[in-house]
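Subject: Structure for your review

Dear colleague,

Please find the structure below, together with its sequence. My findings follow directly after it.

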Amino acid sequence: MVLYRRERTIVSDDLLRFAVEGARLGTWRWNLVDNTAQYSERSAQLFGLAPGQALDRALSFRMIHADDRAAVASAVEQAIARHGDCELEFRVVWPDGSIHWLVSRGHAGYDTDGQALCMDGVMWDIDARKHAEQQHQRLQAQFLRAQKMEAIGQLAGGIAHDFNNILTGILGYAKLALANKQLDADSKVRSYVQEVVAGAERAAELVQKMQIFSRGPRSIDGEAAHTTRAVVEEIVKLLRAALPVTLDITQELEDIPELPVPPADM
C-alpha cells in the first residue's frame, strides 16, 4: 500500500514537472524566516539572466522596475496578512536594459500559530499580451481622436454653410449699392458700403477656410495638402482670424512626416 502511494506520488511529481515546463513557467520559493529565495532556471531566464547564472532574492528585487517595486512589496504583504493568494503584474529590467512584463502568483505557508513561514509560486512572461494591449490602446486613442476631428469638421462645415448663405446676401446687396449711380463717388455712404464689402469678403475667406477644414487635409493648400505641417498651419490661420486681436498664437513646428496620400477614389 505504501509502495503504491509512493509510485503514485512520483508519477504526480513527473506530471507536475511536465506541466510546468510545458507552460514555460518559472517556479520560486521564498523563505520568509531568513528572507532568502530559490528560483528555477526558467525563473532566471524570465529575468534575462544567462544559463547558469543564479537568481537570488536581493537580485530579483533590484531587477524589478523601480516604479513597480513598492506595488510588488505591498501586494505580497497584503496576501500574507490575509492568508490569500498573491497575483501581480510587474516589469523587470534585464541586464541589457530592456524592459519585460511578468506575472507572478504565489501562496504562503503558515505554522500552527498562523506565522508565515514561506511562499511558493510561479511566474510567466506576459510581454506579448502587454504589447498587444498597448498597440490596441493606441489604436483606440487614434480612433477617438479621428471621431472628434470628424465631429468638429461636421460642426465647422454646418456653421460655414449657414454663415455663407448670410454673407452671400450681405455681399450681394452691398455690391449692388456700390454699382448704383445715385451713390456719389465721394459720398460717405459709399465709403461705408465699401467697408461692408471688405469685411464681408474677409468673412467669406474665413468661411472658405472653415469649409476646407471640414473636408479634411486633402483640400488644404493644393500640393501641400498631404503634409501635417500644412494642416497645422491652416488651423492656426483659422484660429488667428477668429480670435480677438488682443490674443496671439505662437507656433513652433518641427520637421514632421507627411500624411499618407489617400487613394484617388476616396
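Predicted model: local features only at pLDDT ≥ 70, side-chain atom pairs only at ≥ 80, totals over all residues.

Helix α5, which spans residues 127-179, supplies the largest share of the patch, namely five residues. Leu 155 is located in helix α5. With a relative accessible area of 55%, Leu 155 counts as exposed, because the cut-off for that class is over 50%.

As to the chain as a whole, it contains seven helices and five strands. Read from the N terminus, the order of these elements is α-β-β-α-α-α-β-β-β-α-α-α. The chain has 266 residues, and 26% of them count as buried. Its accessible surface amounts to about 18,600 Å², with 56% of that area belonging to carbon and sulfur atoms. Where contacts join residues at least 6 apart in sequence, 49% of them link residues at least 24 apart.

Trp 124 belongs to strand β5, residues 116-125. Leaving aside residues up to four places away in sequence, Trp 124 touches Arg 24, Leu 25, Leu 46, Trp 101, Leu 102, Val 103 and Arg 105. Is Trp 124 buried or partly exposed? Its relative accessible area is 23%, so Trp 124 is partly exposed; a buried residue would have to be under 20%.

Most residues other than glycine have a negative phi. Asn 35 is not a glycine, yet its phi is positive, at about 60°. This residue sits in the loop between β1 (26-31) and β2 (36-39), and Asn 35 is partly exposed, with a relative accessible area of 44%. His 83 likewise has a positive phi, near 55°, without being a glycine. The loop that holds His 83 runs between α4 (69-82) and β3 (85-93). At 42% relative accessibility, His 83 is partly exposed.

With kind regards

Conventions:
Residues numbered from 1 in each chain as written. Heavy atoms only, no water. Helix = DSSP H or I, 4+ residues; strand = E, 2+ residues; numbered from the N terminus. Buried < 20%, exposed > 50% of the residue type's maximum accessible area, 1.4 Å probe, protein only. Contact = heavy atoms within 4.5 Å. Areas by Shrake-Rupley, 256 points an atom, 1.4 Å probe, with all protein chains shown as cover.
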